[in-house]
Amino acid sequence: MRHSLVVRALAALITLAPAVYAQGVSGTTTFIVVRHAEKGTEPANDPPLTAAGIARAEALVDLVKDAGVQAVVSTQFARTKSTVAPAAVRLGLTTQVLDARLTPKATADSLLAQHRGHTVLLVGHSNTVPAIIGALGAPQPADICDAGYDNAYVVTVPTSGAATVVRLHYGVKAGC
């Protein structure tokens, strides 16, 4: 029940972005930012998703399918690419891969330059997601704990004024 309410609330929030864009606020950009789903342990340098992670990647599809996403972005690692892959397929989009070694500021600047006025699904890591949100100009959320896989952040970056962030949850509740 909680999952259904969260999905509907997020859909209502992020479906506003295309309507705002159509009304002439052409530079408003919306990012749906999530950490990669649950990962295995081997190989240590690039583990795949676990069964729980695969299920969460499918839940991400439900979260974004009606949000007007025009671009999907992940880092070069298997866990981020696998997290976004079902959504990219459902949306008919090719995943843009960004180097995880970029600074949060460089990542934010690149994404805003390439996708101004669009809605973007971005999958990152526990140690990059909060900093990227802050670099986009929104209040930076708290660090994501190791077991925190269910966070979804909707960041709205207007052409003028302050960026905002809304934190939601998707899929099965995570450990912290």
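Select Phe31 first. Leaving out residues up to four places away in sequence, Phe31 touches Leu111, Leu112, Val120, Leu136, Tyr153, Val154, Val155 and Val157. Contact here means heavy atoms within 4.5 Å.

This is a predicted model: local features need pLDDT of at least 70, side-chain atom pairs count only at pLDDT 80 or more, and totals for chains, interfaces and linings use all residues. Residues are numbered from 1 along each chain as its sequence is written, and side-chain values use heavy atoms, with hydrogens and water left out.

Buried means under 20% relative accessible area, exposed over 50%, and partly exposed in between (1.4 Å probe, protein chains only).

Helices (H or I, at least four residues) and strands (E, at least two) are DSSP runs, numbered from the N terminus.

**Strand β5 and its partners**

Select β5 next. Six of its seven residues are buried. β1 and β5 run antiparallel, joined by six bridges. Two strands pair if DSSP finds at least two bridges between them. Click Thr29: its bridge partner in β5 is Val157.

Then turn to β6 (residues 164-169). Six bridges join β5 to β6, and these strands also run antiparallel. Tyr153 stands opposite Arg167 in β6. β5 and β6 form a hairpin with six residues between them. Pick Gly161 in that turn: its phi is positive, about 95°.

**Around Arg56**

Go to Glu38, in the loop between β1 and α3 (51-64). Is Glu38 buried or exposed? Glu38 counts as buried because its relative accessibility is 14%. Its side chain makes a polar contact of 2.9 Å with that of Arg56. A polar contact is a pair of N or O atoms within 3.5 Å; within protein, one must be able to donate a hydrogen and the other to accept it, and residues adjacent in sequence count only if both atoms are side-chain atoms. Not counting residues up to four places away in sequence, Glu38 touches Leu49, Thr50, Ala52, Gly53, Arg56 and Tyr149.

Follow Arg56 to Tyr170. The charged end of Arg56 sits over the ring of Tyr170, 5.7 Å from its centre. The cut-offs are NZ of Lys or CZ of Arg within 6 Å of the ring centre and within 35 degrees of the ring normal. For another such case, select Arg79, which lies over the face of Phe77 at 4.9 Å from the ring centre.

Now move to Ala174, in the segment after β6. Ala174 counts as buried because its relative accessibility is 12%. Beyond its neighbours within four places in sequence, Ala174 is in contact with Arg56, Ala147, Gly148, Tyr149 and Asp150. Draw a C-alpha distance from Ala174 to Cys145: the two are 29 residues apart along the chain and separated by 10.0 Å.

**Zoom out**

From the N terminus the order is α-α-β-α-β-α-β-α-β-α-β-β. Of the 176 residues in the chain, 45% are buried.
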